Amino acid sequence: MFVRILVVSIFVGSTWASSDEPLVGLAHLTEARVEATDFEKIAPSEQEMIQAIVKATGVQMATRYKGGETVRRNQHAKSHGCVAGKFTIREDIDAKYQVGLFSSVRSYDAIVRFSNADSRDRDDSPELAPGVRMHGSRGMAIKVLGISGESLLPQHGALTQDFVMINSPVFVFANVEDYALASRLIAEHGDDKGGTEFFRRRQMPGTTAEQKTRAAETGRIAAQIRSTGTPAPFQTPPTTPLENSYFGAAPFLFGTDQVMRFRVVPIDENAEGKQPLIEESNYLREGLANRLSSGEPVRFVFEAQIRSKAQITDIITQIENASLEWQDNPEEYPWTALADLVISSSEPLDEAVCESLVFTPWHCLKEHQPLGSINRLRKAVYLESAMIRNMPKEPASLPDR
């Protein structure tokens with residue numbers, strides 16, 4: 001089960017905008033080193049580890065789908081549904097935060113996908129043993145359409161801004177080094193034994209104190225993601241995907257001299273006091289469809305914690321470590337509302353359309369470049385997966401209903 005909470009979330013597929021064109025200007029990026037911004041420090045061995053993970057991703061997907069079945073995303077394979085929405089930039093944003101996508105008041109069409117982080121289409125809360133189930137990481141990805149600006153990746157179709165999120169404020173692994181070790185051990189020993197071996201290796205002679213500390217954090221975070229009670233989960237397990245907050249879980253540029261972490265928070269939906277039907281295989285998908293059928297709009301607010309360059313005092317912990325929150329001074333770094341997301345659909349989009357979309361945090365404006373070790377890994381892995389799936393052009397508008 002350990003591998004099911006590896007939350008380097010990979011969304012791959014093809015869209016209704018059919019494309020047989022080669023991925024001009026994109027294929028080489030799976031091997032290209034990401035140049036460090038002023039906010040980053042890249043370990044000398046990182047690129048080599050990333051390439052090993054990229055290669056393993058291709059092998060995993062080839063093995064997983066060798067029987068000719070439909071190739072799904074490498075992670076977040078199971079969708080609860082996609083919905084159409086409106087992503088509206090707020091009018092009351094402070095001038096210093098009017099950056100990139102948030103530089104002017106405007107309402108954009110958006111597509112939102114809800115998912116499980118699992119690599120397979122399994123029960124929403126799988127059974128570990130008779131009568132014992134675990135929860136898992138849940139995902140929410142927003143694709144903002146019709147935007148303008150300078151694309152971070154070479155454009156392949158329309159320019160879009162993706163916000164790819166999970167329902168925990170941090171990732172399980174701090175950096176590429178830890179992820180690479182866990183991936184290799186899981187490949188060698190299997191899901192459960194590989195996870196156990198990861199923690200054993202991190203206690204062996206020669207392991208640094210920093211590596212041991214990071215491993216302890218990985219164990220704590222994994223336990224909270226899977227928890228049905230103890231330890232306390234990050235959030236109350238939802239009865240529909242609309243009842244949790246979702247987090248970018250890593251830093252991103254916010255202009256040229258600021259950095260952000262972002263999240264979306266539901267306004268009216270709440271899981272408190274509710275009991276999810278975890279014995280049902282698809283209770284989150286069914287819960288989403290039932291909630292949408294009520295006809296009442298669903299509202300989220302998009303918020304960001306924003307720090308200036310001067311306020312980044314330790315790049316390793318504040319930028320390069322994706323398993324640590326920015327909690328050192330919540331009063332100085334509050335969550336600031338930047339946009340509103342309103343979902344007014346009465347039903348999910350067609351499943352084939354939903355499953356054909358491509359989401360990646362590197363579909364973005366240059367002002368919002370993903371930062372840190374895990375985000376650099378995500379660039380290469382997402383693109384490798386997209387190559388396997390013959391990544392199509394990005395959509396310019398909502399699909400026909």
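Q: Which way does α1 pass α2, left-handed or right-handed?
A: The crossing of α1 past α2 is left-handed, meaning the near helix is turned anticlockwise from the far one by less than a right angle, with clockwise being right-handed. Helices here are DSSP runs of H or I with at least four residues, strands are E runs of at least two, and both are numbered from the N terminus.

Q: Which residues make that contact?
A: From α1 there are Glu46, Met49, Ile50 and Ile53, and from α2 Val176, Glu177, Tyr179 and Ala180; contact means heavy atoms within 4.5 Å. Six of the residues are nonpolar, none polar and two charged. Nonpolar covers Ala, Val, Leu, Ile, Met, Phe, Trp, Tyr, Cys and Pro, charged covers Asp, Glu, Lys and Arg, and the others, Gly among them, are polar.

Q: Before I go on, what kind of model is this?
A: A predicted one, where local features need pLDDT of at least 70 and side-chain atom pairs count only at pLDDT 80 or more, while totals for chains, interfaces and linings use all residues. Residues are numbered from 1 along each chain as its sequence is written, and side-chain values use heavy atoms, leaving out hydrogens and water.

Q: What's the mean pLDDT of the chain?
A: The mean is 86, and 88% of the residues reach 70 or more; pLDDT is the predictor's confidence in each residue, from 0 to 100. Over residues 1-24, though, pLDDT is below 50.

Q: Back to helices. How does α1 cross α8?
A: That crossing is right-handed. The contact of α1 with α8 has eight nonpolar, four polar and three charged residues.

Q: New topic: which residues touch the most other members of the largest nonpolar core?
A: Phe87, Phe102, Met140, Ile142 and Phe163, out of 38 residues in that core. A nonpolar core is a set of buried Ala, Val, Leu, Ile, Met, Phe, Trp, Tyr and Cys residues joined through side-chain atoms within 4.5 Å.

Q: And which element gives the most to this core?
A: Strand β10, with five residues.

Q: What does phenylalanine 163 touch?
A: Beyond its neighbours within four places in sequence, its contacts include Phe87, Phe102, Phe262 and Phe302.

Q: Last one: is valine 172 buried or exposed?
A: Valine 172 is buried, with a relative accessible area of 0%. Buried means under 20%, exposed over 50% and partly exposed in between, using a 1.4 Å probe and protein chains only. Valine 172 lies in the loop between β6 and α2, and its C-alpha is 9.6 Å from that of leucine 324, 152 residues apart along the chain.
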